[in-house]
Amino acid sequence: MTDTGPGATAGTEAEPVWRSRGAARRSTRTVRLYTSVTLLAAVVLAVLLVPPVVQLDQQAVDLSAKLLPPSWEHPFGTDDVGRDLLLRCVYGLRVSLLVGVAAALTATVIGTAVGACARALGGWADRGVMRLVDTFSSVPHLLLGIFIVAMFRPGVWPVVISVALTHWLSTARIVRAEVLSLRSRPYVDAAVSGGASRWRVTVRHLLPGVLPQAALAAVLMIPHAMWHESALSFLGLGLPTHTASLGTLVQSARGSLLAGQWWPTLFPGLFIIVPTLAIAGLAGAWRERLNPRRRSELML
Amino acid sequence: MTPLPWGAMARLAGRRALHAVPVLFVVTFGVFAVADASPFDPVKAYGGTAVLGADQETLDRLRTNLGVGEPFAVRWWDWLTRAAAGDLGDSSVMRQPVAEVIGERLVWSALLCAAAFGVAVLVGTLAGVLAARSPGSWFDRTVTSLAYSLEAAPVFWVALLAIWLFALQWDLLPAGGLTDTGDEQVSAGQVLSNMVLPAGVLAVAQLPWFMLYVRQGVGDALAEDPVRGARARGLSERTVLLGHALRSGLLPVLTLIGSRVPELITGALLVESVFSWPGIAAATVEAATSVDFPLLAALTTLATVAVLAGNLLADLLYGLSDPRVKLSEL
């Protein structure tokens, strides 16, 4: 890719170096993929299994055990009313992940529908819709999200809606571009010359081809959506404080942080980072398979 | 250095300003439409608890005064024409004109953003170039994985941990605010020492993205033929790097600066609220929690203007630094 060492251009001698580097790169890639899959599996299992299987009350208050540092009994310590933070974090991750997945799915459905319809209608409708997408892309997402949540009062559904409404724009762009490139394929030409209507071509031939890209966009959107939920909750505009989400956990830990207790703040944040990195690693591998030539492109 | 093409730059800015008009029309219209669809009641928001015991006549008078009965398109047009004349309405939570609220806070927000962005650009370029020079080295691997982790970390969380470490553990820097508590005067030295943490955190939040793109751009440029040719001619590594690789490698990054303005605003919003920085963010959060529609509408519009200005700035920089691009064609 970007090898510039003196050996790289030295001809025949460089051959084995190249090959071994390629192999090394492949193996680190595999390691990264497996790490991502393992981490993600652990996260999903924890979120799905812990609440029904472990019969512990996350809201159980124990004032005699408040603000205990991490120990064997409480691996993440306890918060200012003595609730176990590991349990709170798992429940918080569950809520944040749920909000993230719901918002990402909604955004992807809207984006795919708009992108595909715009392209199917073509002409003025297409240009108008895409201009609208460009227009709303120039409003910062979080600010628009804050506006929507403020207008509809904070809560789970306003948060999901505000994240979905601010994130479908990029999906619409991706889907439209993908439809454009698919339209010149012979099988689409064949369908068109066979007399298929515009809608039939879109629904039967173009949409299935777009789905892998849309699904990739949806998966990549989950961490974004989680991030937005936690930011809104942190500002006090998201979920109610008694609902444990990663954002509300960090928000309610502010007081203890200023008193010097770092653990109520640290762990919820790590619970945001780990799934984000795992999903990014997974999506990176997936995209490489979809389109190996764009391997070097950055994913942020 | 050739003199700057002021005429072409002004023409580009003018063209963009014309493009911005329909964008702002649509965005403000959307803002009013969302407010209209929401259960938000302007009379209650304006009067607060004072209207709870008010009789119907007072409520109706307030209603007509605020123009509530009219369709939202009419209210939007009223707002727009008055905004064009500089009157953005009154903020119900601050009890002062919106323009005043924004005016006295904008400076502090702009100062913070500019300082953070400057640091991020400088450090990001440096780290990115160093990493690109030796791909696969320990420096490259450390910096890259650090960048990915930081990119995934929520900025408010980083800010809180920074407060814990620098203000509480080491007692090096103040934890927040603009000046020390108890001080009436705002002095430059105090502002500076209070700004180090928020600006540093905001810079750290913007760094990973910048560093990764610089690394990518310069790394790609180092593998291109002109660089190979320059090396073959026996030019020093320094000339190759500064004269050939940096110039073409940083060009794609320039265009991205504009696209990062929304991220910068988002980051600033969160950082300001963690550090109680007296900028726009505090006003935004307050406006949102007490549903202050005039202030929120103005802030959304302002952020959109900032993003459009960022795009223009990026295009100007790109046109000036890439001789292949003509400003008149952007």
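Predicted model: local features only at pLDDT ≥ 70, side-chain atom pairs only at ≥ 80, totals over all residues.

Biologist: At what angle do helix 1 and helix 4 of chain B pack?

Modeller: About 135 degrees, with their axes 10 Å apart. Angles over 145 would count as roughly antiparallel, so helix 1 and helix 4 of chain B are oblique to each other.

Biologist: Which residues make the contact?

Modeller: Helix 1 of chain B brings B:T28, B:F29, B:F32, B:A33 and B:D36, while helix 4 of chain B brings B:F72, B:R75, B:W76 and B:L80. By class, that contact has six nonpolar, one polar and two charged residues.

Biologist: OK, switching to helix 11 of chain B. Is helix 11 mostly covered or mostly exposed?

Modeller: Mostly covered, with 13 of its 14 residues buried. Just after helix 11 of chain B, B:S276 has a positive phi of about 45 degrees.

Biologist: Now the two chains. How many residues are in contact?

Modeller: 41 residues of chain A touch 49 residues of chain B. On the chain A side, the elements giving two or more residues include helix 3 (123-137) and helix 7 (198-234).

Biologist: Which helix of chain A gives the largest share?

Modeller: Helix 4 of chain A, with ten residues. The chain A side divides into 27 nonpolar, twelve polar and two charged residues.

Note on methods. Residues numbered from 1 in each chain as written. Chains lettered and ligands numbered in written order. Axes fitted to C-alpha atoms, helices over the stretch in contact; angles between N-to-C directions. Helix = DSSP H or I, 4+ residues; strand = E, 2+ residues; numbered from the N terminus. Parallel < 35°, antiparallel > 145°, perpendicular 65-115°, else oblique. Contact = placed C-beta atoms within 7 Å. Nonpolar A, V, L, I, M, F, W, Y, C, P; charged D, E, K, R; others polar. Buried ≥ 20, exposed ≤ 12 C-beta atoms within 10 Å, placed from the backbone.
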